[in-house]
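I'm jotting down what I look up as I go.

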Amino acid sequence: MNRVVVIDALNMFIRNYIVNPMISTNGNPIGGAVGFLNSVKKLMRESKPDQMIICWDGAGGSQKRRTVVKEYKQGRKPLRKNYKIEGMSEQSERENMVWQQQILMEMLNEMPIIQLVLDRVEADDIIAMITQSPKYRGWQKVIISSDKDFLQLLDSETVLYRPIQKKAWTKKTVIDEYGISPENFVIARAIAGDKSDNLAGIKGAGLPTIAKRLAFLCEDKMHTLDSVYDHCANTDSKIKFFERIVEGWDTVELNYKVMNLTPPSISVQGHQKINYILDNFEFELNGTGLKCCSVEHGFGSYDWSELMAMLRGIVEKNKQVA
């Protein structure tokens, strides 16, 4: 089975940015970018992918979901690094973070790695589209992210690797861990809410309680919001859980609209653009351009040898396919 590794780019960048204090030869912090490259190298070494796709949030990517729930992703706490950059203001640090992402994208453009970004579209939707794409039917899709939203996408061909836990999640492990199948995970999450995205849930309805009270969500069958509502509204049980869900159903429906990735929230034109890139991407490695970019931005001491060798391997694999 061919394997495509699909990376939630900002998620991986931030994980590296907050822990890596590396400074470039030009005196600029570059830990986020260097750590990202090291993560790419580690993923290639361990998973040996045939293709790698890196998905970024587009400008204004959260706006569509904020029209549904205006509090979506608002009020998030500032990033907390485990190191301090001396002599830099908060504004300078924010500008540096953006700059690191820009030079990272510039370097990745020299590699046989597909990068995808669409204005007003979140990376989550692009990742969902890839996992559902006919182009990758029969491939193993490995999503790299710490975001639980992707658990709803897991099936016999799709797995989620959460680097913070160092754990690969499959359809089976989701059912074993939560007592809820991936097909119904988005319904459970809509009821429970998501503090990280500032989405309120139903009081007293955490995932363990949902799995206990709505045991049918464990079935290998996709249930609908209507069927869950009907079950809660018509139960003879006097347990407050069911009453609270019925009373807060508007919240559940709004959360579901925001959290649901099937289908992804991408326009017809967006689908066409992504499909064109996937069908026509040229798997080439510009080693000279990559090293020139590296020197220009102060990555002079970075050892490219192992990553270069693995990137050449991806080029060769995709030449054979072509």
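Predicted model: local features only at pLDDT ≥ 70, side-chain atom pairs only at ≥ 80, totals over all residues.

Which residues does Ile18 touch, not counting residues up to four places away in sequence? I looked, and Ile18 touches Leu79, Arg80, Lys81, Asn82 and Tyr83.

I checked where Ile18 sits: in the loop between helix 1 (9-17) and helix 2 (31-47). Ile18 is partly exposed, because its relative accessible area of 24% is not under the 20% that buried would need. I also looked up Gly58, 40 residues along the chain from Ile18, and their C-alpha atoms are separated by 22 Å.

Two of the residues Ile18 touches, Lys81 and Tyr83, turned up again: Lys81 lies over the face of Tyr83, at 5.7 Å from the ring centre. I found Lys167 over the face of Trp169 too, at 4.1 Å from the ring centre. Trp169 is also in a cluster with Tyr178 and Phe185, linked by ring pairs.

Next, aromatic pairs: the structure holds 9 of them. I picked Tyr229 and Trp249, a tilted pair with 5.1 Å centre to centre and 55° between the planes. Tyr229 is in helix 9 (residues 225-234) and Trp249 in helix 11 (residues 249-259), so the pair links distant parts of the chain, 20 residues apart. Tyr229 is partly exposed at 28%, while Trp249 counts as buried at 8%.

Tyr302 is buried at 11% relative accessibility, and Trp304 is buried at 6%.

Last stop, cavities: I got a count of 1, with about 60 Å³ of space in the largest cavity. Its lining includes Arg65, Tyr72 and Glu122, and divides into 5 nonpolar, no polar and 5 charged residues.

How values were computed. Residues numbered from 1 in each chain as written. Heavy atoms only, no water. 1 Å grid on protein atoms, 1.4 Å probe; cavity = no way out; pocket = protein on both sides within 12 Å on 5 of 7 lines; lining within 4 Å. Points joined across faces, edges and corners; volume = space filled by probe spheres on them. Nonpolar A, V, L, I, M, F, W, Y, C, P; charged D, E, K, R; others polar. Helix = DSSP H or I, 4+ residues; strand = E, 2+ residues; numbered from the N terminus. Buried < 20%, exposed > 50% of the residue type's maximum accessible area, 1.4 Å probe, protein only. Contact = heavy atoms within 4.5 Å. Phe/Tyr/Trp six-rings, centres within 6.5 Å; stacked < 30°, edge-to-face > 60°. Lys NZ or Arg CZ within 6 Å of the ring centre and 35° of its normal.
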